[in-house]
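Work through the exercises below with the sequence and the model at hand. Try each task before reading its solution.

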Amino acid sequence: MTQFSRIDSNSEIPKYKQVVDLIISDIEAGIFKHGQRIPSINETSEELLLSRDTVEKAYVYLKNKGVLLSVRGKGYYVNKTTVSRRLKIALIFNKLSNYKRSLYSSFTQTIGAKASVDVFIYNYDLVEFEHIINNNLSSYDYFVILPHFRNEQTDIASVIREIPKEKVLLIDKNLEELKDYPVVYQEYDKDILTALGEALDLLKKYKKLNLVFPKNEFYSSYIGRGFKIFNQIHGFDFQIFDSLNPAEIHQNEAYILISDYDLYDLIKLIKQRNWVPGKDIGIISYNESPVKELLCDGISTISTNHDQIGQLAAKMILEQNFKRIKSPFKFIRRSSL
């Protein structure tokens, strides 16, 4: 390696990662050849004016990548001279949906050419999830995981801990058992409570608030909890349905719909009855999408910013700055309420 001026103390890139890049550059430049011993951890620490722990973290990283080989009592040797700097990322979803497509798009656009991204779907199934993890442990630099399962009591954490911690980034859901892991998360109960509060002036004109919450779709139960708390605080008459029943749809009531399928069915029903959304009936849909801005002159939504979740997750990886971030959540006013 050349002189320590190549380490930028003001860079957002962690110093250990800068050491990794320096060693790879020297290998690619032919300074270090296959089978050649590189400077020891102590030597590099002194040369770059870095702590021994920082340099050791870089060496171990390169060893795990197969670039270096460690020989006990002798040091580290170049094991591979053709080094790909492009990251490999496994994006693991519970299911495909408009939300997931939006998240995938923003994630890959932000990552750009610096990584290849493969998508895996486990359909809420822990066995399938564990199969994906076990078969790909050594194939990816990072595992970006949306941890949603049929049974919320499932021991998801034990499976995720099979992955080296530095490779894991959780998105969408915060797991109590993994409080020390980086995550971009929603707080489902607090989010719906806050978003409905932003719509309070509009909701007051309705006699009753109804949440259509399909249990078989495995949505977080915290959504229902937040809805109940909101109504108890503000004194609304309310009800929670697990399916949309035409006989239970009434004028002068507002409906919060979790599933897009229920939204479309409700729109068909009110057209048959010649009702006007926002006048005869109130509609709020969960999760924003471009089509909802166009339906019925605009469907009001409560939603996190899916694009921003993907962007935040990608930036954590690119900048090697892993932390715990709550994703934004808001009410979008349109004519349906």
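The exercises go from the whole chain to single residues.

The model is predicted, so local features need pLDDT of at least 70 and side-chain atom pairs count only at pLDDT 80 or more, while totals for chains, interfaces and linings use all residues. Residues are numbered from 1 along each chain as its sequence is written, and side-chain values use heavy atoms, with hydrogens and water left out.

**Exercise 1. The whole chain**

Task: Describe the secondary structure, dimensions and burial of the chain.

Solution. 
Step 1. Helices are DSSP runs of H or I with at least four residues, strands are runs of E with at least two, and both are numbered from the N terminus. The chain has 11 helices and 14 strands.
Step 2. The radius of gyration is taken over C-alpha atoms, and the globule rule is 2.2 Å times the number of residues to the power 0.38. For a compact globule of 337 residues the radius would be near 20 Å, but the chain has 25 Å. The C-alpha trace spans about 80 × 40 × 30 Å along its principal axes.
Step 3. A residue is buried under 20% relative accessible area, exposed over 50%, and partly exposed in between (1.4 Å probe, protein chains only). Of the 337 residues, 50% count as buried.

**Exercise 2. Contacts, surface and charge**

Solution. 
Step 1. A contact means heavy atoms within 4.5 Å. Among contacts with a separation of 6 or more, 69% join residues 24 or more positions apart.
Step 2. Accessible areas come from the Shrake-Rupley method with a 1.4 Å probe; for residues, only the protein chains shown count as cover. The chain exposes about 16500 Å², and carbon and sulfur atoms supply 48% of that area.
Step 3. Lys and Arg count as positive, Asp and Glu as negative, and His and the chain ends are not counted. Each charge is placed at NZ of Lys, CZ of Arg, CG of Asp or CD of Glu. There are 45 positive and 42 negative charges, and their mean positions are 2 Å apart.

**Exercise 3. Aromatic rings**

Task: How many aromatic pairs are there, and why is the pair of Tyr122 and Phe149 classed as it is?

Solution. 
Step 1. Rings of Phe, Tyr and Trp (its six-membered ring) pair if their centres lie within 6.5 Å; planes under 30 degrees apart count as stacked, over 60 as edge-to-face and the rest as tilted.
Step 2. The count is 12 aromatic pairs. The rings of Tyr122 and Phe149 are stacked because their centres are 4.8 Å apart and their planes meet at 25 degrees.
Step 3. This pair links distant parts of the chain, 27 residues apart: Tyr122 is in the loop between β4 (115–121) and α5 (126–136), and Phe149 in the loop between β5 (142–145) and α6 (156–160).
Step 4. Tyr122 is buried, at 0% relative accessibility, and so is Phe149, at 3%.
Step 5. Ring pairs also join Phe120, Tyr140 and Phe143 into a cluster.

**Exercise 4. Positive phi**

Solution. 
Step 1. Most residues other than glycine have a negative phi.
Step 2. Asn274 has a positive phi, near 60 degrees.

**Exercise 5. Sequence and space**

Solution. 
Step 1. Phe238 lies in strand β9 (residues 237–241) and is partly exposed, at 27%. Beyond its neighbours within four places in sequence, Phe238 contacts Lys208, Leu209, Phe227, Lys228 and Asn231.
Step 2. Ile229 belongs to helix α9 (residues 221–234) and is partly exposed, at 33%.
Step 3. Lys190 belongs to helix α7 (residues 188–198) and is partly exposed, at 48%.
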